[in-house]
Amino acid sequence: MTERKAIALIAHDQKKDDLADFARSHRKAMSAYPIVATGTTGGRILEACPDLDVTRLKSGPLGGDQQIGALIATGEVALVLFFVDPLTAMPHDVDVKALMRLAIVYDVPMALNRATAERLLSTLD
Ligand SMILES: O=C(CO)COP(=O)(O)O
């Protein structure tokens, strides 16, 4: 990872199309940052925007949310864009909550839907 802090991208399955579309629309702004993503989300982002610098971590249910939480704890994440599906129960809900908790603990900006992500991204220089 480069010295610049990363943008973390995560989407639940029902929201992956939306996040891929968001990344396509904002790829110029995001290309200035390293991107970390949970495994399947990262694959979708790379399909949509092959030129982005995406590091794919484990899939969310297999520890990817926790890996992003660890990167937050070590100060490597500038902001988190997490497109959450509020209508589907997740087996790894505790991991999702732990990630959100660490974003709060370390005061890292975190968008949980597209409207907030649009606004957060516009704050990047
Ligand atoms: O489950 C996730 C976030 O909680 C996302 O993980 P994937 O990107 O691997 O689907």
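Let me begin with the ligand: of the shell around it, the largest share, three residues, comes from helix α3, where helices are DSSP runs of H or I with at least four residues, strands are runs of E with at least two, and both are numbered from the N terminus. Please keep in mind that this is a predicted model, in which local features need pLDDT of at least 70 and side-chain atom pairs count only at pLDDT 80 or more, while totals for chains, interfaces and linings use all residues. Residues are numbered from 1 along each chain as its sequence is written.

The residues that surround the ligand are I10, H12, T38, G39, T40, T41, S59, G60, P61, G64, D65 and V96, a residue being near the ligand if its C-beta atom, placed from the backbone, lies within 6 Å of it. Both α3 and α4, the latter spanning 64-73, supply at least two residues each. Sorted by class, the shell has three nonpolar, eight polar and one charged residues, with Ala, Val, Leu, Ile, Met, Phe, Trp, Tyr, Cys and Pro taken as nonpolar, Asp, Glu, Lys and Arg as charged, and the others, Gly among them, as polar.

Next, the sheet. Five strands form an open, parallel sheet in the order β3-β2-β1-β4-β5, and strands count as paired if DSSP finds at least two bridges between them. Its edge strands, each pairing on one side only, are β3 (54-56) and β5 (110-111). Between β2 (residues 35-37) and β3, which run parallel, there are three bridges, and V36 has T55 as its bridge partner in β3.

Now to the helix pairs. The axes of α4 and α5 (residues 93-105) come within 9 Å and cross at roughly 15°; axes here are lines fitted to C-alpha atoms, for helices over the stretch in contact, and angles run from 0 to 180 degrees between N-to-C directions. That makes α4 roughly parallel to α5, given that angles under 35 degrees count as roughly parallel, over 145 as roughly antiparallel, 65 to 115 as roughly perpendicular and the rest as oblique. On the α4 side the contact is made by D65, Q66, I68, G69, I72 and A73, and on the α5 side by D95, V96, A98, L99, L102 and A103, where contact requires C-beta atoms, placed from the backbone, within 7 Å. These residues divide into eight nonpolar, two polar and two charged.

Finally, α1 (residues 16-25) and α3 (residues 39-48) have axes that come within 9 Å and cross at roughly 40°, and are therefore oblique to each other. Here K16, L19, A20, A23 and R24 of α1 meet T41, R44, I45 and A48 of α3.

Key
Two residues are in contact if their C-beta atoms, placed from the backbone, lie within 7 Å.
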